[in-house]
Amino acid sequence: MRDWIKTSIDKIKKNWIPVAALIISIAGVIYQFNQSNRYSNNTNKILMNSAKLAEYDIDVMLYKIDQGGDDTLDYGQFRFQLDSLQQNFKTIEAVDPTSLNPKQSMNYQVYRQNLNAIIYKMTSYVNSLRANQTDTPKDTDKLHIDMGARQNFYKGAGDSLNILASDFQALKDKKSLYDNDYKNTLKKLEEQK
């Protein structure tokens, strides 16, 4: 009887060890898949939050332009928003695109490129308001806000806000930013040839 029990236990061990290993392996794959999805979903939320924060900074700059004039505005009042945009960029720079699925990785790259271009554009527009543009900007530099400068700033800020709103909506709807931003532009360029 003992031999029969021992033989039965050995057979069970022999047959169940591969099954247990398979179950553990499948559980590991499922866990990894869930972690990847969670990271992609969190990244999507980070990008959406980033777009909203960038919109806010640009809106504050527009408010300052609307409320100020040559006597009251200086570079330091805009540097805070420009620094905030840079911090925003550094936050999304920390995302690891290699941990994202291909669609989310492309969305990350397109959004990052768009935000970088917006920061460059807004910095350029703020610098163009400085009376003395040859020196390194100082917080005390007075800004020259005539009607032409305002219109130029409004145009650049409006374009930036449109890009951010479009990116936010595409991210919210889980659409491709590449299709949303670049495919349409490429199509228009092809039509102009």
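This is a chat about a predicted model of a protein chain.

Q: Hi! What does the secondary structure of the protein chain come to?
A: Hello! The model is predicted, and its protein chain has five helices and zero strands. Going along the sequence, the pattern reads α-α-α-α-α.

Q: Nice. What share of the residues is buried?
A: Of the 193 residues in the protein chain, 33% are buried.

Q: And how about the accessible surface, how much is there, and what share belongs to carbon and sulfur atoms?
A: The accessible surface of the protein chain is about 12500 Å². Carbon and sulfur atoms account for 57% of that surface.

Q: For contacts between residues at least 6 apart in sequence, what percentage join residues at least 24 apart?
A: That comes to 76% in the protein chain.

Q: Let's get to packing. How do helix 4 and helix 5 sit, in angle and axis distance?
A: Helix 4 covers residues 147–172 and helix 5 covers residues 177–192. They pack at an angle of about 140°, and their axes are 8 Å apart. Helix 4 is therefore oblique to helix 5, since the cut-off for roughly antiparallel is over 145 degrees.

Q: Which residues make that contact?
A: Helix 4 brings S166, D167, A170 and L171, while helix 5 brings L177, N180 and D181. By class, the residues in this contact of helix 4 with helix 5 are three nonpolar, two polar and two charged.

Q: What about helix 3 and helix 5, at what angle do their axes cross?
A: Their axes cross at roughly 55° and come within 8 Å. So helix 3 and helix 5 are oblique to each other.

Q: Which residues meet there?
A: From helix 3 there are M106, N107, V110, Y111, Q113 and N114, and from helix 5 there are L177, Y178, D181 and Y182. This contact of helix 3 with helix 5 has six nonpolar, three polar and one charged residues. L177 and D181 also take part in the contact of helix 5 with helix 4.

Q: Changing topic: where is S176?
A: S176 is in the loop between helix 4 and helix 5.

Q: Is S176 buried or exposed, and why?
A: S176 counts as buried because its relative accessibility is 17%, and the cut-off for buried is under 20%.

Q: Which backbone nitrogens does the side chain of S176 reach?
A: One is the backbone nitrogen of Y178, at 3.3 Å. Another is the backbone nitrogen of D179, at 3.1 Å.

Q: And what does S176 touch, leaving out residues up to four places away in sequence?
A: S176 touches K103 and N107.

Q: What is phi of K174?
A: K174 is in that loop between helix 4 and helix 5 as well. Its phi is near 55°, a positive value in a residue other than glycine. In general, most residues other than glycine have a negative phi.

Q: OK, where is D141 found?
A: D141 is in the loop between helix 3, residues 102–128, and helix 4. With 15% relative accessibility, D141 counts as buried.

Q: What is D141 in contact with, beyond its neighbours within four places in sequence?
A: D141 is in contact with L73, D74, Y75, R130 and T136. The D141 side chain also reaches the backbone nitrogen of K138 at 3.0 Å. As for Q77, which is 64 residues apart from D141 along the chain, the C-alpha atoms of the two are separated by 9.9 Å.

Notes. Residues numbered from 1 in each chain as written. Predicted model: local features only at pLDDT ≥ 70, side-chain atom pairs only at ≥ 80, totals over all residues. Heavy atoms only, no water. Helix = DSSP H or I, 4+ residues; strand = E, 2+ residues; numbered from the N terminus. Buried < 20%, exposed > 50% of the residue type's maximum accessible area, 1.4 Å probe, protein only. Contact = heavy atoms within 4.5 Å. Areas by Shrake-Rupley, 256 points an atom, 1.4 Å probe, with all protein chains shown as cover. Axes fitted to C-alpha atoms, helices over the stretch in contact; angles between N-to-C directions. Parallel < 35°, antiparallel > 145°, perpendicular 65-115°, else oblique. Nonpolar A, V, L, I, M, F, W, Y, C, P; charged D, E, K, R; others polar. Polar contact = N/O pair within 3.5 Å; in protein donor to acceptor, adjacent residues only side chain to side chain.
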